[in-house]
Amino acid sequence: MEIPFVGGAYLGRSPNLNAQVCQNLYPVVDQQGGKSVLALFGVPGLTGYLNLVSGGGGVISVYEDSELGGLSSPQGSVMLLPSPATYRGYLQNTDPGPDGMVSCSITGASPIAINSFIHNPDSNTKGELDIGLFPLTIDGHIINSFVASKTPCVARRSNFTATTFSAYSDLDGINGNFIEVIKNGIVTRKTLTYSNGSTVHSSPFWMEAFDNGVIIIAYLGKVGLSTNNIIKVMRSIDYGETWTTINILETSGHFATPTLFKGSNNNLYISCIDTTSTNRIRFWVSQDSGATWTQKTIIASFSGTAGIVCGCANDTTIYVAHGSAYSASASGAYIYYSTDLGNTWTLITQATWRSISCMAVSGSALIACTKLTSDLFTPSAFRVQVSTDGGVTFANSLDPPTDATGPYPYNHSLRNNGSTFTYTYDGLKDGVYLSYYVSTDAGATWTSESIGRVAG
Amino acid sequence: MSEVRALQKMGSYLYALNGSTLIRIATDMTQTNLGNIDTSAGIAWIRGDGANLSIVDSTKGYFYDGALQYITLPFSGTPSSLTYQDGYHIVSEANSARFYISELYDPSSWDPLDYATKEGATDNLRCVHSHNRDLWLLGESTLEVWYNSGDVFPFTRYQGGFINIGCKAARSVASDDVSVFWLDNNLRVRRGVGVQSAIVSTPQIDYQIYALTGHADAIGFCYFQEGHGFYQLTIADKTFVYDTTTQFWHTRASGSGDNRHPAQCYAFFNDLHLVGHYNDGKIYYFNVNAYDNGGEMMRAIRAAQVVHSDEKRIFHGKLQIEFEGGVGGNAILDWSDDGGHTWSSPYTVSIGEAGDYSHRAIWRKLGASRNRIYRVKVEDSVKKVITGASLEAVKGNG
């Protein structure tokens, strides 16, 4: 007798409903709509098509070779575009890297620190580093973020318990400092350690890198104005895998606000304020990717309030500037330039400025962010100005929105990579705390870029 | 592991919501992360208008127009569903009978006054669903079918576009080329065409659905493959599939525990029937030449209807199940003489080694019974086709 094995399921008589099963088999009939079942066919299986990337749990998001995405990491991988977020934060710096890619660091306000942000102006794609990736405390901050080289891309973050950052940093780096290295699409986090293996705890630092895997960072060896500090340099020649500590100034002093910058000829320069006895601006040069350093003449000595120094360089000229970003009563900013590798310096005084926060140079365009009045926290006091005569005269280039609150004097950043300049400051405008501008015409015009975040 | 919560094709890209991450997938399979939404699991929709995406989960709305951003929803509550029709992104408000429409082709812009109410009955709206340019408003206990009339508020209810049946699970609603399918508020599966609907689940399917929990989270999708149309509905750990071509039901299961089918959502992209996995963050495709689910066992089970003859004792001499031979693998037979309450020991025979096309799967000396259900299983990753079965049996007198 033929038994109804291939017939329709879940239709006919069954003493126990659970007995009738047609699992992973489906009836095929004699014709469309027919009921004469010819066979039971196995249902199709599933073949893998794509492992989807995921941002779950916090994720690294950086780029390589001018493309966002496609990265993996031991922590779980990949880049993200700006997520809607209720966080607010403060831009700390920008760094335009190869191919116009821009990295911005953002420190978070309450309730949680947030990210480093990356922008490719060419493709208008944007990505971010999500600090939630790591088992850090909620006070973790990315202090500086750098697009250091095309391969790898390096960003730096550190974890601090303090929630503010200034040029006069008094942060306690209790949990160490980290960088992230992206090589061949793999993101790894490196904990910076001294040669003896102990973890580097420091104030925020500066970073430069080269395509051959050399990474240089400079920072204060100790933190706090009340203690003696030394300027330290760490150097890696293997994409951050191992580090060598270089004490460029062996004697302890009372140093502050180191700045590290690279000329377009790949020379490296460090300058800082030394207040050990009198206020002096120190200066070091390296012409071998940071392996060795030469201390040059003291650029200047001065009295009064010690402000930050900032610097920039093209092929022929090094600029170091000093003002008093903090002091409402200070007057004047001082730009020094050298065309003989820092052996001699020429002073240009900008008498109408109260301070200079940062500057960048490309070709004949020298761009500076200045404060024009004694009011520290009024946006209209700040200007981005451009000089085409080597810093002798400046003209307005970008006026920050007058209806914004902030910015704070220590959170300006001007960087450039070739003809691409970026300028950021933290200030509230249209509900967004982060203001970020890009200029590709030597500061003649600026484009405001949204990072896509929502103020909270 | 993450849940692939939604798939949506727009233009030449496929968009996926994997956990919290919105991803754009090109035809060459390169992925671009577009950002994260706030939730990483649960009900979600993606819809596109050709240029912009809208995304809705159970808490918020988002749009993507080059950057992923929040939708400022035009109501204070939470959304309950999302659909798209005629340039409008359409969102229903949870615990309400209202649905709202966006500005034309602009999911970033919503006027709080651009709403309408499913007003034929007082039940809340469970889901909005566009089907063949008809807007289905599926409520908790009734539904209405609207159309784009071109008025100031463009959607209007059809004359007679009211059905006195509701929807149990918003994500159970799915369309093929003709019909809308959904799990109704009486826990039956329905098929709607025009402004009519009919039950397609059989009483036995209804019984099995009723025995489950988690009906409100049921999720379904439709697809066509090899001449068959399927509506696949997963409720809790059980997956039911209605073959819209033959109108027969079957179930799909995966893994040694015969758990739910992994597919959570569906899109046809790159000429493949793609599905998102419910918990491993991967996209798979239905492959008629694959005999497992990404390496996970896909046990085929067939328990036939009862063999009986007026409750007389039947002596079972030989059972032959006609498999397509020569594919390898084994068939495992057991039977129940008490209506499926208990089962015999399993008896395994070969379907036929690869290339042994004439091999027959035969079991002999099967004892006697008044009322027997045979059940056969194939657990191997081999092709499974059953073309018939025959039993040599003798009817006794007692």
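## A loop residue out in the open

Let's start with B:Glu226: with a relative accessible area of 54%, it is exposed. Here, exposed means over 50% relative accessible area, buried means under 20%, and partly exposed is in between (1.4 Å probe, protein chains only). You'll find B:Glu226 in the loop between strand S21 (219–225) and S22 of chain B. Helices (H or I, at least four residues) and strands (E, at least two) are DSSP runs, numbered from the N terminus.

Before going on, a bit of bookkeeping. This is a predicted model, where local features need pLDDT of at least 70 and side-chain atom pairs count only at pLDDT 80 or more, while totals for chains, interfaces and linings use all residues. Residues are numbered from 1 along each chain as its sequence is written, chains are lettered from A and ligands numbered from 1 in the order in which they are written, and side-chain values use heavy atoms, leaving out hydrogens and water.

B:Asp258 is partly exposed, with a relative accessible area of 24%.

## A loop residue tucked away

Is B:Ile37 buried or exposed? It's buried, with a relative accessible area of 5%, and its place is the loop between strand S4 (31–36) and strand S5 (44–48) of chain B.

Leaving out residues up to four places away in sequence, B:Ile37 touches B:Arg5, B:Leu17, B:Ser20, B:Asp57, B:Tyr62 and B:Leu68. Contact means heavy atoms within 4.5 Å. Take B:Ser20: it is 17 residues from B:Ile37 in sequence, and the two are 5.1 Å apart in space, C-alpha to C-alpha.

## Chain A and one of its sheets

Chain A has 0 helices and 35 strands. Of its 456 residues, 62% are buried. If you take the contacts in chain A between residues at least 6 apart in sequence, 48% join residues at least 24 apart.

Now zoom in on an open sheet of 4 strands in chain A, with antiparallel pairing and the order S28-S29-S30-S31. Two strands pair if DSSP finds at least two bridges between them. Which strands are at the edges? They are strand S28 (355–362) and strand S31 (395–398) of chain A, each pairing on one side only. Strand S29 (residues 365–371) and strand S30 (residues 382–387) of chain A pair over 6 bridges in the antiparallel sense. In one of these, A:Ile367 has A:Val386 as its bridge partner.

## A helix in chain B

Helix H1 (residues 203–210) of chain B has these buried residues: B:Gln204, B:Ile205, B:Asp206, B:Gln208 and B:Ile209. They pack against several strands of chain B, including strand S19 (189–193) and strand S23 (238–243).

## The nonpolar cores

In soluble globular proteins, nonpolar side chains tend to be buried together. A nonpolar core is a set of buried Ala, Val, Leu, Ile, Met, Phe, Trp, Tyr and Cys residues joined through side-chain atoms within 4.5 Å. How many residues does the largest nonpolar core have? It has 27, and those with the most contacts inside it are A:Phe5, B:Leu319, B:Ile321, B:Phe323, B:Trp363, B:Tyr374 and B:Val376. The largest share of this core, 4 residues, comes from S30(B). Apart from it lies another core of 22 residues, among them B:Ile165, B:Cys167, B:Ala170 and B:Val180.

## Rings and charges

Over all chains, there are 27 aromatic pairs. Rings of Phe, Tyr and Trp (its six-membered ring) pair if their centres lie within 6.5 Å; planes under 30 degrees apart count as stacked, over 60 as edge-to-face and the rest as tilted. Why is the pair of B:Tyr223 and B:Phe230 called tilted? Their planes are at 35 degrees, with the ring centres 5.2 Å apart, so the pair is tilted. B:Tyr223 is buried at 2% relative accessible area, and B:Phe230 is buried at 2% too.

B:Trp335 and B:Tyr374 have ring planes at 70 degrees and centres 6.1 Å apart, so this pair is edge-to-face. It links distant parts of the chain, 39 residues apart: B:Trp335 is in strand S31 and B:Tyr374 in strand S35 of chain B. Finally, B:Arg375 lies over the face of B:Trp343, at 3.7 Å from the ring centre. A charge sits over a ring if NZ of Lys or CZ of Arg is within 6 Å of the ring centre and within 35 degrees of the ring normal.
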